[in-house]
Amino acid sequence: MSNWRRASFCAAAVMLLGAVPAAAQSTSGSSGGPFGDKWQVGGFVYVSPSFEGSKSYDAIAFPFVAPAGLGNEGALQIKGADDVRLRLFQTGGFEFGPLAGYRFGRDGDDVSNVDVDDVDGGLVVGAFGTYRTGPLAFSVSYHHQATGDDTGGLLRLGVEHTSRVSPTFKLTTGIGANYATQEYMTAFFGVPGPGGYDPEAGFKDIYVGATATLDLSDRWSLHLIGRYAHLVGDAADSPIVETESQLYGGLALSYRFDWGR
């Protein structure tokens, strides 16, 4: 799938999440609805491997409109291309909400080690739950591809630590792991045919990451996202894998505004 279509899917995912509080706002009778008057508009650029296990990389870019705040202090949280979260419910230290995003597919011709089929990427939908205590946040989320090829789901477990380095700079670091279903492992790491490779469901990677937010002014903010993942288990043993080390990165620029003004 072209980068333009990938960007369209990502933009649609963020717009979809943003539409949830917008709809609530229109029916609540208040100017800002449950998310208040503060909203944001911006753009996001994301870079990831061409396919899991690849040494080459692809980039996509897309716009977004959503409730103000990217990160733990805002309703919208961008964790990655397949992990754009919207906090709808919060009670005590618990948070819950839907997520959406885009799952990168794979062009079979990009795989030089063995002959494999193309895998169509598509829109990802799911949900997450988080428990916060002080600067720590423990989360679990589920991500399932809803369009394109049926590539199953991922269960993501993670722990994050957030610190306010200065009044204008916030840093969040985290570690975690991804558990993949049989369908996911077969689609992205399996090799069909006699003498092929048939991976089982299980943990496919462990990762560390960081998100930095710098307030450039009262309205403008810059957000940097980086993650390193290391393939493990049956995923790492797949003959399609060129390298077990996978790097992901993103940059977002956002502008905050008051709804209706």
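Me: Is Y255 buried, partly exposed or exposed, and why?

Reply: Start with the scale: buried means under 20% relative accessible area, exposed means over 50%, and partly exposed lies in between, judged with a 1.4 Å probe and protein chains only. Y255 has a relative accessibility of 29%, so this residue counts as partly exposed. W220, with a relative accessible area of 39%, is partly exposed as well.

Me: What should I know about the model before going on?

Reply: This is a predicted model, so local features need pLDDT of at least 70 and side-chain atom pairs count only at pLDDT 80 or more, while totals for chains, interfaces and linings use all residues. Residues are numbered from 1 along each chain as its sequence is written, and side-chain values use heavy atoms, leaving out hydrogens and water.

Me: How many aromatic pairs are there?

Reply: Rings of Phe, Tyr and Trp (its six-membered ring) pair if their centres lie within 6.5 Å; planes under 30 degrees apart count as stacked, over 60 as edge-to-face and the rest as tilted. That rule gives 7 aromatic pairs here. In one of them, the ring centres of F94 and F96 are 6.4 Å apart and the planes meet at 5 degrees, so this pair is stacked. W220 and Y255 make a tilted pair, with 5.0 Å from centre to centre and 55 degrees between the planes.

Me: Which strands hold W220 and Y255?

Reply: Helices (H or I, at least four residues) and strands (E, at least two) are DSSP runs, numbered from the N terminus. W220 belongs to strand β12 (residues 220–231) and Y255 to strand β13, so their pair ties together parts 35 residues apart in sequence. For the whole chain, the tally is 3 helices and 13 strands.

Me: Which residues do ring pairs link into a cluster?

Reply: F94, F96 and Y131 are linked in this way. F94 is partly exposed, as its relative accessible area is 40%; F96 is partly exposed too, at 39%.

Me: Over the faces of which rings does R227 lie?

Reply: A charge sits over a ring if NZ of Lys or CZ of Arg is within 6 Å of the ring centre and within 35 degrees of the ring normal. R227 lies over the face of Y207, at 5.4 Å from the ring centre, and over the face of Y248, at 4.4 Å from the ring centre.

Me: Now a loop, please. Where does P239 lie?

Reply: P239 is in the loop between α3 (233–237) and β13 (245–258). Its relative accessibility is 33%, so P239 counts as partly exposed. S238 has its place in that loop between α3 and β13 too, but S238 counts as buried because its relative accessibility is 4%.

Me: How much of the chain is buried?

Reply: Of its 261 residues, 47% count as buried.
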